[in-house]
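Morning, everyone. I have one structure to walk through today. Please bring it up on your screens.

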Amino acid sequence: MADFDFLTLLAAHKTFVVIVHAFAAAIGVGAATVTDVLFFKFLKDFKISKWEAGVMHTLSMVIWAALAVLVLSGLGLYLPNADELNQSAKFLVKMIVVLGVIVNGAFLNLYIAPKLIKFSFAEPHHHKQGELNMARRLAFALGPISIVSWYCAFILGSLPASTPLAFSTFLKIYL
């Protein structure tokens, strides 16, 4: 039985992994863009209908699926080239940005969205004075952070590996 070398397999199929990675990034950026546009449109009347909540949930699932494929394919690109990529300022900032996408998305989906939906559907709940305004403000702040992060990750992934900027410069551009 021949030895199976997973890293060699990944390296041999790098083009396929890059295509999957780029496709997931495109779907993620597109879905995040549509989600943000619709979210702001839906909140214009200060409530989210059941249909609107369903649309947002579907788009969120598309984003999470794209993010999962992005991370898995990213691992497929990283593992065979870990030593080289660990020295790349562009790559390191991209990892920070992707972590930002994940943390921001988790907060939006697990904390903010359920609060806004509860308020919108007038479900029975006990809340503090101003809680709705705080949730809405957070949503209006975190939405742009999400879209900026997705676009930044997409642009960083599209730049050539030899882009001659320092880590701090890439990070300042993102921030």
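In what order do the elements of the protein chain run from the N terminus on? They run α-α-α-α-α-α-α. The count comes to seven helices and zero strands. Before I go further, a caution: this is a predicted model.

Now the chain as a whole. It has 175 residues, and 36% of them count as buried. Next, contacts. Take those between residues at least 6 apart in sequence. Of these, 77% join residues at least 24 apart.

Let's look at one helix pair. H2 covers residues 14-42, and H3 covers residues 50-78. Their axes lie 8 Å apart. The packing angle is about 155 degrees. Angles over 145 degrees count as roughly antiparallel, so H2 is roughly antiparallel to H3. What is the handedness of the crossing of H2 and H3? It is left-handed. Which residue classes make up the contact of H2 with H3? There are 22 nonpolar residues, six polar and two charged.

Stay with H2 for a moment. Lys41 sits in that helix. Is Lys41 buried or exposed? Exposed: its relative accessible area is 57%, and the cut-off for that class is over 50%. Glu52 is 11 residues away from Lys41 along the chain. The C-alpha atoms of Lys41 and Glu52 are separated by 9.9 Å.

Now for another lysine. Lys90 is in helix H5, which spans residues 89-120. Its relative accessibility is 12%. Buried means under 20%, so Lys90 counts as buried. What does Lys90 touch, leaving out residues up to four places away in sequence? The partners are Leu156, Gly157, Leu159, Pro160, Ala161 and Phe170. Take Ala161 from that set. Lys90 and Ala161 are 71 residues apart along the chain, yet their C-alpha atoms are separated by 7.4 Å. The side chain of Lys90 reaches the backbone oxygen of Leu156 at 3.0 Å.

Leu92 is also in helix H5. Its relative accessible area is 31%, so Leu92 is partly exposed. Which residues does Leu92 contact, leaving aside neighbours within four places in sequence? Leu85, Asn86 and Phe167. Phe170 comes up again, this time as a distance. The C-alpha atoms of Leu92 and Phe170 are separated by 9.3 Å. Along the chain, those two residues are 78 apart.

Helix H1 takes in residues 6-12, and Ala11 lies in it. Ala11 has 45% relative accessibility, so it counts as partly exposed.

To recap. The protein chain has seven helices and zero strands. H2 and H3 pack with their axes 8 Å apart. Lys90 is buried, while Lys41 is exposed. And the Lys90 side chain reaches the backbone oxygen of Leu156. That's it from me. Over to you for questions.

Key
Residues are numbered from 1 along each chain as its sequence is written. This is a predicted model: local features need pLDDT of at least 70, side-chain atom pairs count only at pLDDT 80 or more; totals for chains, interfaces and linings use all residues. Side-chain values use heavy atoms; hydrogens and water are left out. Axes are lines fitted to C-alpha atoms, for helices over the stretch in contact, and angles run from 0 to 180 degrees between N-to-C directions. Helices (H or I, at least four residues) and strands (E, at least two) are DSSP runs, numbered from the N terminus. Angles under 35 degrees count as roughly parallel, over 145 as roughly antiparallel, 65 to 115 as roughly perpendicular and the rest as oblique. A crossing is left-handed if the near helix is turned anticlockwise from the far one by less than a right angle, and right-handed if clockwise. Ala, Val, Leu, Ile, Met, Phe, Trp, Tyr, Cys and Pro count as nonpolar, Asp, Glu, Lys and Arg as charged, and the others, Gly among them, as polar. Buried means under 20% relative accessible area, exposed over 50%, partly exposed in between (1.4 Å probe, protein chains only). Contact means heavy atoms within 4.5 Å. A polar contact is a pair of N or O atoms within 3.5 Å; within protein, one must be able to donate a hydrogen and the other to accept it, and residues adjacent in sequence count only if both atoms are side-chain atoms.
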